Amino acid sequence: MNRPYQLPDHSAERNRLGSVLRKDYAMNEDLRYLGLGKKYYIRTYGCQANVRDSETLSGMFERMGFLEANTIEEADVALFNTCAVRRAAEEHVLGEIGSLKPLKQKHPEKIFALCGCMAQEEEMVSRIAKQYRQIDLLFGTHNLWRFPELLEEAMNGRRTIEVESQGTGSVVEGMPVKRSRSHKAFINIMYGCDKFCTYCIVPYTRGKERSREAEYIIREINEVKALGAKEVTLLGQNVNAYGKDLGEKDGFTKLLRAAAETGIERIRFYTSHPRDYSETTIDAMREYQNIMPSLHLPVQSGSDEILKKMNRGYTIGRFYELYERMKEKIPGITFTTDLIVGFPTETNEQFEETLKLADTCRFDSAFTFVYSPREGTPAANMEDDISPKEKKERLAVLNERIGKYARMNNEAALGKTLKVLCDGPSRKNPSVLAGYSEENRLVNFTGEGIREGDIVDVKITDAKSFSLDGEAVTSSK
Ligand code: SAH
Ligand code: SF4
Ligand code: F3S
């Protein structure tokens, strides 16, 4: 049986007419036993926002009595937490859920669920509703807090689709959480995005910019610190806009200072936006030793005309200014960015400007993407006159340039001793340890008696484009 449902509505989401729901979480006691004797599996795609949401969903599953399964086949409930930022990511998920069909036919009692950003896309929801009948439960990013009750409906045999279509969203405090690691924690500071870059689906899938009250954020940092976390990453699509919706001025810098005052060893934040970046944030980074000297500041393009068409709200001149002040005020800071090639109408000259930007800023690394049209966004209606072949070529040229500077910057670390927070054995080679330096450089290293969560001095002996090799000198903590 199907329960009636609404589709997401991208034009309504643009207006953001509803009000933000703020509440404390409470789970219905009756749901505490829903998962007894059952197992769950979550597969997560996309950015840190999704990783953190999956930690909440795991926490909810376990509060309902479910145990974690190692595979989809073993699970009674399998949940796909999806990303919609580029078409390739979506196609991958559609392939995966498509291949669930035989398993569902064999075991109709199994529940397959899909959430995350694909579940907030207008076209996608109707497509999944019609063509992917093996999905029993689909819920959007704004309905995360309702997951246990929605799951109960689906387990009772009602196909359940639940999205919110105003795009205003909620801020729900006190949800359960099962963190994937104890030495590092993601802390949401705000949800949503109001920037509406013309190519981007995130403002539609994640809704309005809404900040958590600072008190809850600081409490969460203190909690994870008490449980042994050495590092927190403050999360938001544009952390620099933190507090604006609460009527606060300079909210992000104030929050950053308060976070630093908790005494946690390492603080990072992700992602920044050049438009809202304030001088006071640079000062706070300089002042507090526990705010790490690395910055991810997505620039997207080196051309002012393209930036304008992207609705980014700054010029390359402004970006350079920020870059220079950062480098001047915070010695040794590493700088990374995101770049898109092949935005509609991007000329070869404009692409060259992006290369010039890479030459000037010599980024420590960059995420580079070929522009992917997203239905419902303004750029999807712009004339896209660049061939796929040309786009691919531009990406290859840019990647080579980015790789060159990444390696040069890493080589400059040769012979130095960096402080590395150990993440445990390297995923690629379990006979060595891996971790990140204060500057956020990936370091693979050898050493005795070092455990996950230790901060160690590592002498750098070799440099590659995207990682360093080294030997632990002492165990400093
Ligand atoms: N809020 C962050 C980014 C979130 S999406 C910010 O503004 O910095 C992560 C990255 O994906 C973006 O920085 C952008 O480079 C890329 N991206 C977003 N939409 C895209 C699209 N339609 N095609 C290709 N890349 C895209
Ligand atoms: Fe997307 Fe732009 Fe918002 Fe980043 S700032 S999430 S790129 S709309
Ligand atoms: Fe993807 Fe949604 Fe994050 S679209 S990048 S999972 S906010």
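1. In this predicted model, an N or O atom in the side chain of Gln300 is 2.7 Å from an oxygen atom of ligand 1 (polar contacts are pairs of N or O atoms within 3.5 Å; within protein, one must be able to donate a hydrogen and the other to accept it, and residues adjacent in sequence count only if both atoms are side-chain atoms). Gln237 places a polar side-chain atom 2.8 Å from a nitrogen atom of ligand 1, and Arg86 has one 3.1 Å from an oxygen atom of ligand 1. Of the 540 Å² of accessible area that ligand 1 has on its own, the protein covers 90% (Shrake-Rupley method, 1.4 Å probe).

2. The shell around ligand 1 has 15 residues, the closest being Gln237, Pro298, Gln300, Asp338 and Ser372 (a heavy atom within 4 Å). By class these are 7 nonpolar, 4 polar and 4 charged.

3. Ligand 2 is surrounded by residues including Cys193, Cys197, Cys200, His273 and Arg312. Gln237 also belongs to this shell, which divides into 7 nonpolar, 3 polar and 2 charged residues.

4. Thr82 lies in strand β4 (residues 77-82) (a DSSP E run of at least two residues). Thr82 counts as buried because its relative accessibility is 0% (buried is under 20%). Its side chain reaches the backbone nitrogen of Met118 at 3.1 Å.

5. Local features need pLDDT of at least 70 and side-chain atom pairs pLDDT 80 or more, while totals for chains, interfaces and linings use all residues. Residues are numbered from 1 along each chain, chains are lettered from A and ligands numbered from 1 as written, and side-chain values use heavy atoms, without hydrogens and water.

Notes:
Nonpolar A, V, L, I, M, F, W, Y, C, P; charged D, E, K, R; others polar. Helix = DSSP H or I, 4+ residues; strand = E, 2+ residues; numbered from the N terminus. Buried < 20%, exposed > 50% of the residue type's maximum accessible area, 1.4 Å probe, protein only.
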